[in-house]
Amino acid sequence: MSDLQVIGLNAWFGADRVLGDINMKVEAGRVTAIIGPSGCGKSTLLRCLNRMHEEVPNARVTGKVVYGDWDLYGPDVDPTDVRCHIGMVFQRPNPFPTMTVLENVVAGLRLRGHYDRASLHDNAERAMRLAGVWDELKDRLNRPGGRLSGGQAQRLCIARALAVGPDMLLMDEPASALDPISTQQIEDTIQELKETVTIVIVTHNMQQAARISDRTAFMLRESHDRPSALIEYDETRVMFTAPTDKRTEAYITGRFG
Amino acid sequence: MTARKAASTLFMGALWVAGLVAVIPLVLIVYYVLLKGLPAVHVGFFTQTAPPPGVPGGGMSQAMWGTGLIVGMATLISVPLGVLTAVYLSEFGRGRLAVGVRFVAEILLSTPSIVAGAFIWALVVVAMHSFSALAGAIALTVLMWPIITRATEETLRLVPDELREAALALGVPRWKMVLRIVIPTAGSGILTAVMLAVARGFGETAPILLTSLGNDFLNTNPLQPTDAVPLRIYNYAQSAFPAWQTLAWGGAITLLGAVLVLSIGARLLSDRQQRRLG
């Protein structure tokens, strides 16, 4: 695990500059939460960290993201390599419907050319244990992946992301489509995962950020003709008890957003 | 409340009537074709070739084999072509080239089939100095390619973007994501598109007439004139001999049966996929 440095990052959708000059350091082995009102560019920032933003037509990024001493936007960098080291979990659980549970978990490995059955199975078990779904799904490995409950499907997706062996996991509101019990399970999973992977989680649920994160970043887009900015970034307990910026305080105390 | 109920009953009734009106022609066609054609359908119908004028009996085996040969070759050409075009349009195509390709497919989709026949006649038959099954297959490709392309593109677009993103986020290259995630997920839709196109190919008469000509005898050489079922129906239906007219009706049964089997097959496959995707 290494720290990840975001340096002077800007992002565009077409002509719309949505992120303006973001600078932050994601610390290795900790959980970093990104909070802010809807449309503040939290997800876009997250997607810039593993080069997923550029997959959107007409989307563009400038600035630097440096992981350890690896410049992720360097000229010779293959984005697929970046994504193997920095995995991603999405808002809506998205298991591959044509694959079984097991095939889903090892999909990343198989599609990158690993075919050894025994090692794939070992990898799947390890990833599913980490994601906390092994006990529930170990007897249903050959069932279709598309027929799980929302919470199980989401933890399956976490297992799928972990199986590739990333040391950082980006989570884009991973529990916002789930019921409270499943949300609780996802949060427990995150707490256990931080032993092995660095986690960056986008959430619009401030209680969730306060519960699970070590550091919190607050983002805000103050008007449509200006890009979103990183307003404040600090230890979570500081952010939620003694924020420096008036806008952070206003957001956290529920005066807008 | 009663007014609402009355309106609901009224519209429900109207919908039933509309549904019945849509079904009536189909029922009549099937009934009439069976009535007229069943006398022609016996073992000889599938094993014998065209009878001489005025002689009873005979069959259409040469036309069935010919249709199989022509439509088979057309399918072999148009399926890869159509699916690849659709993948390009849905997954990679941006900008002017994609707009152009989509426009061409749309124009071809509404091109009268006889135009496709005349075009391939001028292009292939004249150049090769011979009518042939191959020319027929190419003419059918002109009709089948846009059907497969448009229908497949629609299905590919129904695949949720979340699945594409999930695959990309695992570090899977784009082409592999398309090949291993998008296409399998769209699988039954693509098959349905292919079956639609094949069904269209079975029934086309005009392009075959101008390119493959027809043949009273069984021919398996793709470079020779070859018979086809719709062509035989066209010829026999206008003839003065009752035996030939009965054979034409028999041919109609064969075509209806083939299209029915294809449609049911497509339906079963897509149902199975639907259940699997649950």
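This is a predicted model: local features need pLDDT of at least 70, side-chain atom pairs count only at pLDDT 80 or more; totals for chains, interfaces and linings use all residues.
1. Strand E4 (residues 59–67) of chain A pairs with E5(A) in the antiparallel sense. Two bridges join them. In this pair, A:Val66 stands opposite A:Asp71 of E5(A).

2. Now widen the view to the sheet. Strands of a sheet pair through backbone hydrogen bonds, either parallel or antiparallel. Here four strands of chain A form an open sheet, and the pairing is antiparallel. The order is E2-E1-E4-E5. Which strands stand at the edges? They are strand E2 (16–26) and strand E5 (70–71) of chain A. Each has a single partner strand, so one side of each is left without a neighbour in the sheet.

3. Next, look at two helices. Two packed helices are described by the angle between their axes and the distance between the axes. Helix H5 (residues 117–130) and helix H7 (residues 150–163) of chain A pack at an angle of about 130°. Their axes are 8 Å apart. The crossing is right-handed.

4. What meets at that crossing? From H5(A) come A:Asn123, A:Ala124, A:Ala127, A:Met128 and A:Leu130. They meet A:Ala159, A:Leu162 and A:Ala163 in H7(A). The contact has seven nonpolar residues, one polar and no charged.

5. Last, check where the chains touch. The contact takes 26 residues from chain A and 20 residues from chain B. On the chain B side, helix H7 (161–169), helix H8 (174–203) and helix H11 (242–277) each give two or more residues. H7(B) gives the most, with seven residues. The chain B side divides into 11 nonpolar, three polar and six charged residues.

Technical notes. Residues are numbered from 1 along each chain as its sequence is written. Chains are lettered from A and ligands numbered from 1 in the order in which they are written. Two residues are in contact if their C-beta atoms, placed from the backbone, lie within 7 Å. Ala, Val, Leu, Ile, Met, Phe, Trp, Tyr, Cys and Pro count as nonpolar, Asp, Glu, Lys and Arg as charged, and the others, Gly among them, as polar. Two strands pair if DSSP finds at least two bridges between them. Axes are lines fitted to C-alpha atoms, for helices over the stretch in contact, and angles run from 0 to 180 degrees between N-to-C directions. A crossing is left-handed if the near helix is turned anticlockwise from the far one by less than a right angle, and right-handed if clockwise.
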